[in-house]
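Grab a pencil and work through these exercises with the structure open beside you. Try each task before you read its solution.

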Amino acid sequence: MFDLGSLLNLAMSGITFGMILFLLAAGFELMFGVMRIINMAHGSFFMLGAYLGISIARQTHNFLFGILMGAVSVGIVGLVTERFLFRRLPLHLQQVYVTFGIIYILADISKWAWGSNPYVLSTPALLAGSVTILAKPFPIYRLVLLGVGLLTALGLWLFQEKTRVGSIVRAGVDDREMVGVIGINIKLLSTLVFTGGALLAGFAGIMASPIIPVLPGIDWDVMTLAMVVVVVGGLGSLRGALVGGLLIGLADTFGKFLLPQVGIVLIFLVLAVVLIIRPSGIFGGG
Amino acid sequence: MERIGYGKHWPVVAIPIVLLLVFPQVASFYSVILLTEVLIYAIFATSLNLELGYTGLPSLGHAAFFGVGGYTLGILIAKGGIHNFWLCVIAAVLASAVVSSLLGFFSIRTSGAFFLMLTFALAQFVWGIAWSWRSLTGGDDGISGVSRPTPGLTISIMNEVNFYYLVLLFFAGTLFLLYRICRSPFGHVLQGIRESETRMQALGYDTWKYKYVAFIVAGTFAGLAGALKACQDGFVSPAYPSVVTSGMVLLMCLVGGTRIFLGPTLGAAVVWVVRSIVSSYTEYWSFVLGCILIIAVMFAPQGIAGYLVQVRGLLKRARAKS
Amino acid sequence: MLINFRRKIEVIAKARKDRAIYGFLRNLNCKEEQMKPTRLFSLLIGALFVFSSAKTVCSQPASASQTKSPIKIGWIGALTGPLAQGSAAALRGSKLAFKEANWEVAGRKIEMVVEDDAYNPGVTVTKVKKLLFSDKINLLMGPWANASGLAIIDFIKANKLITVTYQCAQSSLTEDKYTPYFFRSSFNDAGQATPFEGWLTYHLGYRKVACISLDTAYGHSCLDGFKKSFEKLGGKITQEIYTPQGTTMDFAPYLAKIDTSKIDLIYSWLTGSDALRFVKQYSEYGYKKTPLFGANMIGETYLPELGDTALGIHGILYYVQSLPNPENQRFLKMYSNEYGPELTKQVAAFDVQGYEASKLIIAGLRAVKGKVEDSGALMKALEKVQFESPRGPLKLDDHHNAVFLNYLFRVEKVGDRYQNTVLKAYGPLYQGWFEAGFQPPEVPVPGSK
Amino acid sequence: MHALKVEALSKSFGGLQAVKNISFYLDVGERRGIIGPNGAGKTTLFNLVTGQLRPDAGHISMFDRDVTAMPVHQRIKMGLSRTFQVTNLLPNLTVINNVILAIQALGPTAFGMFRPLTDYKELYAEAQRLMTPWGLWETSDMLVRNLSYGQQRCLELVLSIALKPRLLLLDEPTCGMTPTEVASITKMIHALGKDIAIILIAHDMDLIFGLDLDSVNVLHYGQMVAEGSPQEIKLNSTVKEIYLGTED
């Protein structure tokens, strides 16, 4: 049972799951980093992305288009939210409360639109099967997920390090006052960042949907996961999102494998431990 | 601000109390049950507001203590076979005090959004325990058969009206105590911390200590609310400490108004009645709640109570003119 | 009302203009240009109207000659929350039966008040109180969840409220917690259905089984019931794996625990999204060599989503859509006329359970000429009711629990459509049949030539 | 006995060295000004002394007691008190409550949970004594956020005095005020008891010479570049060039 093959297999499952969590948390971290807002509705964006993506993919019979549009349309939702709700709210906490209301609203809208049956995005044939690694079959789609996650991480890193907007984002993460001082349109920046964050959440949702069927209630579960990852990784740091995601992904996988009786408490145990050692998360400043 | 909800507004207190006393005599049986629930949630929300409105600590994990209170009472009655009402309630309150002092120790270090997430995560932990510790909590089946013990004086509280009066008693007591706390020096220190923690430190206050005590007090009263709810339902389930409950009570505070003492009570009434009524007509009740929250946050940062106070101010002004 | 709102808002808006006079008005950390609330308020009101007019308090127009007072039936289920899909299906079924009876029994109109308990037992208690004391119902249908059943059973007893549940399989409700006011037309999990699954699994020749079930009270009692018969007969359960309900995103680690070399069958009681995730990952991770059994796991609702991955999986349940008996065909036809072909494709056990619960009530009421007030007579009548349900012949035992046939089926692809095909039928099954040493005989599948 | 003794104090944020190896001491009752252009590390120095920031290196001792590791509130209890450059009050509380919170800070009553604050008459008397001279008593029922800027600065000072300090740190008490307001603040500082040691951060020289201080330190890029009596500083060449350098 503990042969190398199954261990590797487990590890890879954990990492791929961690990648989903990373995609999810990255958007969350971006939003917080620049706008100092906790987007409680992040799970709802995840859910919405999956629903929209699946519907579009089924209409157009085009897998990639579905994924693309799923993400983009959630980005648009984010844009609208930021533009018409947050702009009018001076306090960060008020914005948090609004995102909280959005959870309730999106939950019912999507229930009204898609009912309460679970939906699965059916992958094209060449991604459907599984390959054998050390005599253990491993789903191809998860490998794709792994690649996409790593690419996204790389992309975000390049964006942050190399582009001007990226440097602003990083600056925002470090010190938003300074951003204001060096004369950057913080409003525009916020809109961009929130849209991007929402888009990432939607992307996570649609990418995950072949493995994780979407149905009502998943928004709360996902929000919980996102929060745990972010708190563990440290608020406002993309590195934190990646490390936190992988850590929770692996902990979840191996925890279930080694001591299944712990069940749902497990990731919260991890969380508690991290917090006792480092109250501000692994990469959290201060 | 300071003045709002304070001062000598005795009618604000007296009239509702009279109404609450006569209510069961005139109203329908079900509305009594509904109002009992509202009162319990009012205790719950007001306790949260000690953190949220007065100390400025937005907690999304307050249901944890509600749950601890409920489960303690439920376990004592259904499994422990203890049928002394007061004993069970006191035990429940103490248990939630202990748990809140434990969770507070970790969460108080942070503030603002960080605090929100941390309380949320810690509450999820409590929920997870309630769900997985089957032998004690019965998992998601919860604990049934929590029969209401008699509070003495040979008064049976199985009768919903009597139970209503008992809850009303607790409600009045809780609000009185919390009101005194809010007006006391301690309460003002909390408000000071809400306004500017660095300033309070510069004045020589050990703010951590004050916040911690506030957190424990709030948790304790939340536990009382949970115990009463368990009594009413005759049942406890993991829904008690769930994030949905935390969200609901946060919603109540925000809708009612966090800077006004009676705001959360008002919010509890509005939210719970809306939820009960709307959910009888459509399964899309949470949509309505969501809209109410957003509208409240955007157009009434002081909540419904805030609006009422303003309207009163306007009336005063109108009278002054004429 | 809307007008009043508007006026109030205008007053306040005006007041905000001269903040200087009233200091405290400044505390509204809310900017001037935000004050266009009339639009949003009307929007909220609008939303309220739209959604409240949406559905569910349904008292259908009945035939002309109406003199007697209507019979009020309360229907409660988990219409929101993780199991909303099943509850909604059951509700459709229940309504269908009453519609069939034209919402009328013995000249008395039938009214139905629907309540949602959001899968929260506490709410169930409140809502049932509301139904009884506020809506003054004569009968109650439901609840859905086992926990909800446990939560209200004492209340039902104390208030002599005749209740017919269409699901709520918690075994003790019709065993040690038995009360004459509680009827169950669905099934009893650990005391009736799942022991049969164990019994049949053994008699199909499987000896070493790995079990995976939900970490909920329902999941545990299912597995216990299975174990009860299977191990008694001499089978061996190599692994018991419990997974959290709904929140298990990834089943890979659980699958990794299963050592396929040591077992000859995997048995699963997962439902809903968990079933979907599990079955998909079961085939992706190449476990298909080991046969997989499940009950609700492969209900027709999920077949379209599962696609090929579910092919060849076996199931043991008391209903599958493809049952050939005429009553089922009639039911499906009626269903499709009422709710359209799309929903009909998804008809599974839940829809039928809702339907037959209503059928039971109607039959009982007919027997007492609609005198619902005479609860004693009504209860006697309900006990005697026997009828042909879509899932085959149905009646109640002395503890008011359904007696029915069970079926072995397999997922097959017929044309471009996936379906559960019945292979064998057994029964009829009483609760506690296994303890009684009863051997369920194989019987011809109802309606088969 | 020294009111304050700072030894080789250093603090840096990321790359930026805000305070570089600063040492000085302050006698009981001594009044010292600290001047220097923006970003010279003046406020950082204050934050280190009060304990809002922890130093990277060096020692701080008050009244011959090492306080380097002591949390803010304990230092306050030892007789330290400060004002903030950026007004830092309790905006949504009334003026009177701001003052009372300051008065009771060191008293035993602060943890009282049952008696309403309004019952503590002695606090109100004390508050009146403190507020009346500066015309704040009339505004006592107003919310602080509704006070004029000048009044807020004045209150800032009153709060710090209410703590009965032995060592008072004033961070640009007059920054951004009209001449008349400056005058009143100067008056307040003059009125302080002679036994109170004061460190006063100022951006402009005039204030320094306005209130005959005993000595002046000049900070530049986190370093102490000059120390001496106001007169000496006035004539000091480096100081001149720093200021000429920064004026335009």
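**Exercise 1. Which residue of β9(D) is the bridge partner of D:Ile34? Then follow the pairing onward into β10(D).**

Step 1. Look along β9(D): the bridge partner of D:Ile34 there is D:Asn217. Strands here are DSSP runs of E with at least two residues, helices are runs of H or I with at least four, and both are numbered from the N terminus. This is a predicted model, in which local features need pLDDT of at least 70, side-chain atom pairs count only at pLDDT 80 or more, and totals for chains, interfaces and linings use all residues. Residues are numbered from 1 along each chain as its sequence is written, while chains are lettered from A and ligands numbered from 1 in the order in which they are written.

Step 2. Now widen the view to the strands. β3 (residues 31-35) of chain D runs parallel to β9(D), and four bridges join them. Two strands count as paired if DSSP finds at least two bridges between them.

Step 3. Turn to β10(D), where D:Asn217 has D:Glu227 as its bridge partner. β9(D) and β10 (residues 223-228) of chain D are antiparallel, with five bridges.

Step 4. Find the turn. Two residues separate β9(D) and β10(D) in this hairpin, and D:Tyr221 in the turn has a positive phi of about 45°.

**Exercise 2. What is the strand order in the open sheet of four strands in chain D?**

Step 1. The order is β2-β1-β4-β5, with antiparallel pairing. The edge strands, which pair on one side only, are β2 (16-27) and β5 (65-66) of chain D.

Step 2. Zoom in on one pair: β1 (residues 2-13) of chain D is joined to β2(D) by eight bridges. D:Phe24 in β2(D) stands opposite D:Val6.

Step 3. α1 (residues 42-50) of chain D lies across β1, β2 and β4 (57-62), at about 60° to β2(D). Such angles run from 0 to 180 degrees between N-to-C directions, with axes fitted as lines to C-alpha atoms, for helices over the stretch in contact. Contact means that two C-beta atoms, placed from the backbone, lie within 7 Å.

**Exercise 3. Why does the radius of gyration of chain D agree with that of a compact globule?**

Step 1. The rule is 2.2 Å times the number of residues to the power 0.38, and the radius is taken over C-alpha atoms.

Step 2. Chain D has 248 residues, so a compact globule would come out near 18 Å; the chain has 18 Å, which agrees.

Step 3. Chain D has nine helices and 10 strands. Among its contacts between residues at least 6 apart in sequence, 67% join residues at least 24 apart.

**Exercise 4. How do α1(A) and α6(A) cross?**

Step 1. The axes of α1 (residues 4-35) and α6 (residues 140-162) of chain A come within 9 Å and cross at roughly 40°.

Step 2. Residues that meet here include A:Ile15 and A:Leu23 in α1(A), and A:Leu145 and A:Gly149 in α6(A).
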